[in-house]
Amino acid sequence: MSDMLEVSDLRVTFGGRGRGRRRRGGLVAVDGVSLRVAPEETLAVVGESGSGKTTVARCVVGLQRPDSGSVTFDGRPLGPAGRRPPELQRAIQMVFQDPRSSLNPRMSVAALIGEAWRTHPASAPPGDRAEALHRVLADVGLDGDVAERRAGDLSGGQCQRVSIARALAVGPRLLVCDEAVSALDVSVQAQILRLLVDLRRSHRLALLFISHDLGVVHQIADRVAVMRHGVVVEEGPAGEVLGAPRHEYTQTLLDAALDLGVEA
Ligand SMILES: Nc1ncnc2c1ncn2[C@@H]1O[C@H](COP(=O)(O)OP(=O)(O)OP(=O)(O)O)[C@@H](O)[C@H]1O
């Protein structure tokens with residue numbers, strides 16, 4: 001399969017002086033990261049807190065400008081979010097860790113999905129909006145009567161389903177999930193993971209799945225990239241990286257997961 005998303009030699013520094021390649025000092029959060037995601041593939045990026053995973057994800061969706069390196073989609077360079085052509089903005093959608101802070105609690109579910117359609121008019125349903133809304137809610141396992149409820153009145157799991165529905169509504173090809181199940185109770189976590197696995201198939205999605213939890217990654221990833229201190233230390237098929245890691249750091253992560261009783 002040819003690659004859809006290609007991240008090449010990405011470098012991001014926080015603080016310091018100067019701009020772009022001439023930046024000096026500061027904290028190097030991402031230090032020469034290269035990753036690829038093929039259509040309909042799930043690449044998990046794992047690593048401890050502070051290893052640079054979120055920063056890579058933010059570069060992919062255009063919320064963080066790298067000092068150097070590139071992100072391309074179908075071979076087209078991706079700039080900051082606001083400067084991307086509309087079809088590329090739609091193609092890459094992000095699901096955040098905490099749906100309660102990424103959704104306006106005062107807005108109804110219908111208004112939240114409607115807002116996504118207003119932001120990306122090319123994806124707005126041509127016919128009956130109510131019917132399209134019910135369809136997208138059904139896709140994420142929510143009843144139509146949730147549409148009129150405010151996000152602030154929903155459970156954490158329901159909120160995350162709404163976040164996923166909002167991303168799906170605009171017809172993405174890649175979902176960037178940044179710790180998308182970490183804030184949820186374990187049983188809800190399993191349901192949302194199942195949903196992502198199903199949607200991936202039904203909507204032919206690729207996933208860039210950021211997680212510190214190897215047990216979760218084991219359930220969803222085709223390939224795994226392990227990050228430490230801003231660098232990818234190991235990458236390969238999930239079965240190999242999680243089953244027979246080559247890098248000592250990956251083994252340390254796996255040991256830590258086993259100590260917590262997680263089956264990785
Ligand atoms: N906006 C920012 N300003 C300054 N430093 C930042 C900023 N964002 C991230 N960092 C730092 O960059 C490094 C990488 O952070 P990042 O959030 O990418 O890591 P992570 O692996 O996703 O960790 P976590 O799971 O805790 O978010 C960390 O040391 C973090 O403190």
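Predicted model: local features only at pLDDT ≥ 70, side-chain atom pairs only at ≥ 80, totals over all residues.
Me: Which residues of H4 are buried?

Reply: Helix H4 spans residues 109-119, and its buried residues are Val109, Leu112 and Ile113. They lie on the same side of H4, because the arc they cover around the axis is only 95°.

Me: And H5, what does its buried side look like, and what does it pack against?

Reply: Leu133, Val136 and Leu137 are the buried residues of H5. Viewed down the axis of H5, they fall within an arc of 100°, so they line one face of the helix. These buried residues pack against H4 and H6, while the face turned away from the buried side carries the exposed residues Glu131 and Ala138. Just after H5 comes Gly141, with a positive phi of about 80°.

Me: Which residues other than glycine take a positive phi?

Reply: Glu40 and His229 are among them: the phi of Glu40 is about 65°, and that of His229 is about 50°. Most residues other than glycine have a negative phi.

Me: Where do Glu40 and His229 sit?

Reply: Glu40 is in the loop between S2 and strand S3 (42-46), and it counts as partly exposed because 17 other C-beta atoms lie within 10 Å. His229 is in the loop between strand S9 (223-228) and strand S10 (231-237), and it is also partly exposed, with 15 other C-beta atoms within 10 Å.

Me: Changing topic, which residues surround the ligand?

Reply: The ligand is surrounded by Phe14, Leu27, Ala29, Gly47, Ser49, Gly50, Ser51, Gly52, Lys53, Thr54, Thr55 and His212. By class, this shell divides into three nonpolar residues, eight polar and one charged.

Me: Which element gives the most to that shell?

Reply: H1 gives the most, with three residues. Helix H1 (53-61) and strand S2 (27-37) each supply at least two residues of the shell.

Me: What about the sheet that S2 belongs to, in what order do its strands run?

Reply: Four strands form an open sheet in the order S2-S1-S4-S5, with antiparallel pairing. S2 and strand S5 (76-77) stand at the edges with a single partner strand each, so one side of each has no neighbour in the sheet. Strand S1 (residues 5-14) and S2 run antiparallel and are joined by eight bridges; the bridge partner of Glu6 in S2 is Arg36.

Me: Which residues touch the most other members of the largest nonpolar core?

Reply: That core has 78 residues, and Val60, Ala165, Leu174, Val176, Leu208 and Val224 touch the most other members. H6 gives the most to this core, with seven residues.

Me: What does Val60 touch?

Reply: Leaving out residues up to four places away in sequence, Val60 touches Leu5, Val7, Val71, Ile92, Val176 and Leu208.

Me: Last one: where is Asn104, and how many C-beta atoms lie within 10 Å of it?

Reply: Asn104 lies in the loop between helix H3 (99-102) and H4, and it is partly exposed, with 13 other C-beta atoms within 10 Å. The C-alpha atoms of Asn104 and Arg150 are separated by 8.7 Å, although these residues are 46 residues apart along the chain.

Key. Residues numbered from 1 in each chain as written. Buried ≥ 20, exposed ≤ 12 C-beta atoms within 10 Å, placed from the backbone. Arc of directions from axis to C-beta. Near = placed C-beta within 6 Å. Nonpolar A, V, L, I, M, F, W, Y, C, P; charged D, E, K, R; others polar. Core = buried A, V, L, I, M, F, W, Y, C linked by C-beta atoms within 7 Å. Contact = placed C-beta atoms within 7 Å. Pairing = 2+ DSSP bridges.
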